Amino acid sequence: YRFERVWFWGCIQGLRGAYYIAEGLGPNRAAPRSRLYSLNCLDWSLLTPAPKEMLALAEQLKGRFQGDPSFEYSLTEINAEAAARLTEGGMEPVIKEEARLIATIEQIDRAVGIVPRGAFVKTPLGSVHENRHFEGLSLLEAKKLSSYFHFTEPVNLKNKTLLEKANLDPSTDFLDSLEHDIPRGSWSIQLEKGGTVVVLRSLLWLGLTFYHVPMTKQFGYVYFGTGEKNLDLPFML
Amino acid sequence: GPYQPHEPGYGLDQPGYSPYEDEIPDPEARMLAIKNAKAYLLQTSTKSGLNLYDHFANILTKVLDEQPTNTVDIIEDISKDVKWAQFRKKMDTLRDEHLILPTFEAAEKCKALFVKDAAEEEREELDEEMGQPSLPNVMETAFYFEQAGIGLDKDECYYIFLSLKNLINVQPIETCRFWGKILGLEMNYIIAEVQLHEGEGGEEEEAAEEEEETAVEEEKEMGEGEEEGEEKEKEAEPPKSTYKPPPEIPKEENGTGTNKYIYFVCNEPGKPWVKLPPVTPAQIVCARKIKKFFTGRLDAPIVSFPPFPGNEANYLRAQIARISAGTHVSPTGFYQFANEDEEEDEGDDYEENPEFEPPPVAEMVESLATWAHHVKGILKQGRCVWINPSQKSDENEEEEEEEEEDKDEEGDEHEEERGLPLFTLISEDEGIKNIPAWTARASTNLIPQYSVAILQSNRWPGAYAFASGRKFDNIYFGWGHKYSPESHTPALPPAAQAEYPIGPGITETVDPTVEEELAFKIAQEEALAEEEEEGEEEEVEDD
């Protein structure tokens, strides 16, 4: 696959089995990622990125994953229009669990995939690299939500006032910070082991855990859960 | 001057033809050129007070000291860092306070766990005579769960082990078990399930109950005084509310039903254990309707609708009770009823069955009938054993009359609720929609001799159970909420009560129009005239 970096993304628990997911990247860290899944960590299959309509449809599927990649969800119950469109096109109105899997992983990465500030730099040419000079956040910075960024296309960055933008460093501050996540308080920051490790847990996607050891280069996130969005979040806070 | 532009035509690499050589042949002028170049470099910038010479010297020192890889790529960052370092003064007039790292404080607390003091040794001798309370082997349980990929960090497990040992030494505990860990927003909870020696735990509860009773009596006396005062006044009063809150369902006794075990929690191993109060049925009923994250502070208020009667400690206790009732399982036959008569009754006592033969692991994974609940399920009322709430009203002498009226209304509503008997097989657990209640798997397919049967609950995500031969255990790691495929919809507020009874006396009607009034008047006069005529006729006849 010619990946420069491969890492274990996490595990999505299905009813009859669990999916183990790995991600890989080439030299440009901001490129779309390639994902592979496996049921037993031995045989890995590549997940083909799905078109946008498929992603939108798969987001509407609710309930647990079955654990069987060829399981088909009937679309007619969920979205009659889309089902009708598909039948007209000559395809069956079903969504396979594989498509739902890739859609869920994509959503999770986009919504809650985070990195500490300064870990990645953007070159003037536009490509994103790991910052070899990154020495980790200090303990004080690590407790603040603003020192962590979403690792996706920034949405809120352009909305900042000029005053705020003047303080930003375009090489490191090119992503959205976690401070303005809606709803407020959808992240839980904890220091474990007496402050040697800072752990962030997402409350929107229960099961996503991000860790960082302050003053070192170590950080990462992993997802262990059922692959369902926590839509009850506003009631639970 | 010393700076000559490079004239084209001169070859730089040939000796004797460097740009300056034929202009500055002698070494003295060369030295002068070097000095001037250095003076230029040493020229301090007007903006920042630094000079290029020192800056380059610092950069080169830093690079040679640290020797990072691919230095040329990050040289700009290094340059920025060196400049930034200028602003950190080494000699400050204020002495920095020696910052105590939180790591150090945490280490101190954990150190306390490891220290064994003299008092413990005395107690150990005593215990050997009495019979030691069983300290659960947390590490062994952790090993089995680790086979399934569930569990905490080994260090944390060991700390929990040590703090459980401390708990046992402090409290009069008969049996103890590590129940699990519930995650919270600011801090997490580590929970221990405990049974105290008989009679020990009751003292605090009795004192609390007595306080409550005296408070209630005081309130009743106040109520009487107020009523007398009102009778004297006899003025128009605002209507009294006829709302009678539904009778409070009494909580179960300590040692039975939902309060069979006592739970101690702490935020981190090393912190002191806090005892959770016993749970009341009202709290369980309310906890079923709300879904809130735990913050990690036991005194945090729970703001919700329907309003939760208590604070976070009560909510935590209610959720623990629900989780235990829903997911604590053991291999079928491991426990049996203490008295055989109680099989039909709703008895709670059970003991280990000495004749239990553990089925092989493969069978435990395939068939859910090999597992059974050993905790009673909670009824809708919020208790394990149903009680008729209208029986209690006989005890209150003051409000007898009103109670009798209500009894007729409410007596029919309280149907007796029967729950499932104690050792129900989990194969009879209902799933939600098409999701089975439990998922079973073996820990490994590769080495079947040593694999462990693992049960994962789908109704309470985070609840696990394992069984291997005679050993089994249950544990919970999660956020403390039940799984529901639909989104959580909070209860709507009840309809507003009617302010007044609606009747013809106060219902608005349209005023009669003038024509209607005239017609009515005419009709009345005609009726009167007819009566008079009849009256006259009768008089005439009588004569």
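The structure is a predicted model, in which local features need pLDDT of at least 70 and side-chain atom pairs count only at pLDDT 80 or more, while totals for chains, interfaces and linings use all residues. Residues are numbered from 1 along each chain as its sequence is written, chains are lettered from A in the order in which they are written, and side-chain values use heavy atoms, with hydrogens and water left out.

Chain B contains 13 helices and 12 strands; helices (H or I, at least four residues) and strands (E, at least two) are DSSP runs, numbered from the N terminus. Of the 543 residues in chain B, 33% are buried (under 20% relative accessible area, 1.4 Å probe, protein chains only).

In helix 6 of chain B (residues 138-147), the buried residues are V138(B), T141(B), A142(B), Y144(B) and F145(B). Seen down the helix axis, these residues fall within an arc of 165°, so they line one face of helix 6; the arc is that of the directions from the helix axis to the C-beta atoms. Their cover includes helix 7 (154-170), strand 1 (173-182), strand 11 (463-468) and strand 12 (471-478) of chain B. Just after helix 6 of chain B, G149(B) has a positive phi of about 85°.

Chain A has an open sheet of 8 strands in the order 4-3-2-1-14-13-12-11, with mixed pairing. Strand 4 (45-47) and strand 11 (187-192) of chain A are its edge strands, each pairing on one side only; two strands pair if DSSP finds at least two bridges between them. Strand 3 (residues 34-38) and strand 4 of chain A run antiparallel and are joined by 3 bridges. In strand 4 of chain A, L47(A) stands opposite R35(A).

Methods: Buried < 20%, exposed > 50% of the residue type's maximum accessible area, 1.4 Å probe, protein only. Contact = heavy atoms within 4.5 Å.
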